[in-house]
Amino acid sequence: MMNLLQDTQLKRNEVRRYITYAILSVVLIIVNLTVLDFVAIGNITPDLLLILCVWISIQEGQFIGVFAAFIIGLTLDIVSIDVIGTNALTKILVAFVAGFFYREGEAFKTIGSYKFLLIVFGTAVLHNLLYNFFYLKVSDASFVTFFMKYGIATALYTTVLGIFPMLSKIPRKGY
Amino acid sequence: MQGLIDFVIKFKNYISFVALVVISLSLISMGSINKIGGFRTIVIGSMGWFQEIFAWVPNPTAVKNENKALRELNLQLSTEVTRMREAVVENRSLRGMLFYAQKPEYPFETVEIVGRTTLQMRDYMMINKGKNSGLLEGMPVRTDAGLVGILIGASNNYGLLEVILNRDIKISAKCQRSQYSGLIVWEGGEFLLMKNVPKSYDIKTGDIIVTSNYSQKYPENIPIGEVIVSREEKGELFLKIVVKPLVNFATIEQAFVLKHLPNPEKSLLITEIDDKLKLRKLEAKKTDKIYFEKKKKTQTENKKQ
């Protein structure tokens, strides 16, 4: 009986978490397309959805992470004017890589440490590399320069914003 | 069967990853950024409505810059007005003498910028008019200063324009003074580059770059920018020309959509030739592949012998 009650409670928590992810995704997509320009530094904007994908993968694991990333990326592709599938693909890669850092029951430990920032930075670099690659034209010899200038800058900006979720999960010391 | 199920369960992460990557790649191969229709048009409309809500938020830096730009423009315009008045009188008499055939001027629609989206280094702007005002995909957008971009999508009441500070942009342009032409591209930052201009061409700092008559998308003689750097690079065949856009994209609030669409016959011809060239490349690749495979086979046979 106790086990059954615990199972129901666990499932409820799970559903609650998924609903939170869905609401967060919608809010972040709207923020991405509307108010993010106000914090743009010379055309460089942070990728808040990437942080969310990393968060989900670290907390739920690779399997759920890639599916969540696919849905988030595809939604972003639809509401933005990007070629459908580009953001879906890049976000899947992000979630897949971040999923390697999933440890059952230790998600907040990872998120609340500097490791989270390293994961965000690493996956952001990968994400931008793949994303910019789609727009690479044969005649463009400046891909490396372009990537170094913008891909790395965007990754750094995203990492800086990754500090906020990290701070929210840093374990507080009791007195 | 149980073995297969166990395999799927064991490698479900990798299998789902591969499956989703394949789906994404197929979606990419099917889609094109220039084809925005149906559902996405509705989305653009709704996003336009949403962005309009945030359009009232003032940007102090932009307002300051705009004031400065307007003061400068005011000064220039007052000087221009005096010159123009003289020119009108002169023009009237000269036109009569030369039987001057006037070039077509395109009707335009004044629009307001209600939203701006920077998506992975590509700038887009939302305008407050769409199909109901006769605006269609492919129409160029400009301000009094110069070229802003091109309309890439329109719903009934909103339109989406791709700004020239965009990696996908390639504009056929020419120098207004010397009439030498080149290709305007953007490779990041706030400036444009004019490419394919041989060292022998006379393009100097301060020259104004305008759209050329070779351009398929834009009408001729729309100002694009001013040359701020024109120098010869060692070991390069072409000049390095940096062009500063005449439009201040940070402060832009209003624009004009020119009701000009590319000549469909010309577009069709370009697409046909493009397709033919792609086919030719594919065939060449196939022949190369067959040749290398044969070569490899003979080499392995020779080794065996």
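**Close-up 1. Chain B at a glance, in a predicted model.** Chain B carries five helices and twelve strands. Its 305 residues include a buried share of 34%. Take the contacts in chain B with a separation of 6 or more: residues 24 or more positions apart account for 60% of them.

**Close-up 2. B:Lys217 and the residues around it.** Look for B:Lys217 in the loop between β9 and β10 (223–232) of chain B. With a relative accessible area of 41%, B:Lys217 is partly exposed. Which residues does B:Lys217 touch, leaving aside those up to four places away in sequence? They are B:Gly138, B:Pro140, B:Ile150, B:His260 and B:Pro262. Also in this view is B:Ser267, 50 residues from B:Lys217 in sequence and 9.3 Å away in space, C-alpha to C-alpha.

Close-up 3. B:Gln179 belongs to the loop between β6 (170–175) and β7 (181–185) of chain B, and its relative accessibility of 46% makes it partly exposed. Then move to B:Asn196, in the loop between β8 (192–195) and β9 (208–211) of chain B. At 45% relative accessibility, B:Asn196 counts as partly exposed.

**Close-up 4. Helix α2 of chain A against α3(A).** Packed helices come down to two numbers, the angle between their axes and the distance between the axes. Here the axes of α2(A) and helix α3 (residues 62–79) of chain A come within 7 Å and cross at roughly 160 degrees. Why do α2(A) and α3(A) count as roughly antiparallel to each other? The cut-off for that label is an angle over 145 degrees, and the crossing is at roughly 160 degrees, so roughly antiparallel is what α2(A) and α3(A) are. The crossing of these two helices, α2(A) and α3(A), is right-handed. On the α2(A) side, the contact uses A:Leu49, A:Leu52, A:Cys53, A:Ile56, A:Ser57 and A:Glu60. The α3(A) side brings A:Gln62, A:Ile64, A:Gly65, A:Ala68, A:Ala69, A:Ile72 and A:Leu76.

**Close-up 5. α2(A) against α4(A).** For α2(A) and helix α4 (residues 86–99) of chain A, the axes come within 8 Å and the crossing angle is roughly 40 degrees. This crossing of α2(A) and α4(A) is right-handed. From α2(A), the contact residues are A:Leu49, A:Leu50, A:Cys53, A:Val54, A:Ser57 and A:Ile58. From α4(A), they are A:Lys91, A:Val94, A:Ala95, A:Ala98 and A:Gly99.

**Close-up 6. α2(A) against α6(A).** Helix α2 (residues 48–60) of chain A and helix α6 (residues 114–134) of chain A have axes that come within 10 Å and cross at roughly 125 degrees. That angle makes α2(A) oblique to α6(A), and the crossing is right-handed. A:Leu50, A:Ile51, A:Val54, A:Trp55 and A:Ile58 are the α2(A) residues here. They meet A:Phe116, A:Ile119, A:Val120, A:Thr123, A:Ala124 and A:His127 of α6(A).

**Close-up 7. Two aromatic pairs, one in chain A and one in chain B.** Searching the whole structure turns up ten aromatic pairs over all chains. In one of them, the ring centres of A:Tyr18 and A:Tyr21 are 6.3 Å apart and the planes are at 40 degrees, so the pair is tilted. Both tyrosines, A:Tyr18 and A:Tyr21, sit in helix α1 (residues 2–33) of chain A, three residues apart, which is about one turn of the helix. Is A:Tyr21 buried or exposed? A:Tyr21 is buried, with a relative accessible area of 9%, whereas A:Tyr18 is partly exposed at 31%. Over in chain B, the rings of B:Tyr291 and B:Phe292 have centres 5.4 Å apart and planes at 65 degrees, so this pair is edge-to-face. B:Phe292 is exposed, with a relative accessible area of 52%.

**Close-up 8. Aromatic residues from chains A and B together.** One aromatic cluster is formed by A:Phe96 and A:Phe100 along with B:Phe7, B:Phe11, B:Tyr14 and B:Phe17. A separate detail is B:Lys12, whose charged end sits over the ring of A:Phe63, 4.8 Å from the ring centre.

Notes:
Residues are numbered from 1 along each chain as its sequence is written. Chains are lettered from A and ligands numbered from 1 in the order in which they are written. This is a predicted model: local features need pLDDT of at least 70, side-chain atom pairs count only at pLDDT 80 or more; totals for chains, interfaces and linings use all residues. Side-chain values use heavy atoms; hydrogens and water are left out. Rings of Phe, Tyr and Trp (its six-membered ring) pair if their centres lie within 6.5 Å; planes under 30 degrees apart count as stacked, over 60 as edge-to-face and the rest as tilted. Helices (H or I, at least four residues) and strands (E, at least two) are DSSP runs, numbered from the N terminus. Buried means under 20% relative accessible area, exposed over 50%, partly exposed in between (1.4 Å probe, protein chains only). A charge sits over a ring if NZ of Lys or CZ of Arg is within 6 Å of the ring centre and within 35 degrees of the ring normal. Axes are lines fitted to C-alpha atoms, for helices over the stretch in contact, and angles run from 0 to 180 degrees between N-to-C directions. Angles under 35 degrees count as roughly parallel, over 145 as roughly antiparallel, 65 to 115 as roughly perpendicular and the rest as oblique. A crossing is left-handed if the near helix is turned anticlockwise from the far one by less than a right angle, and right-handed if clockwise. Contact means heavy atoms within 4.5 Å.
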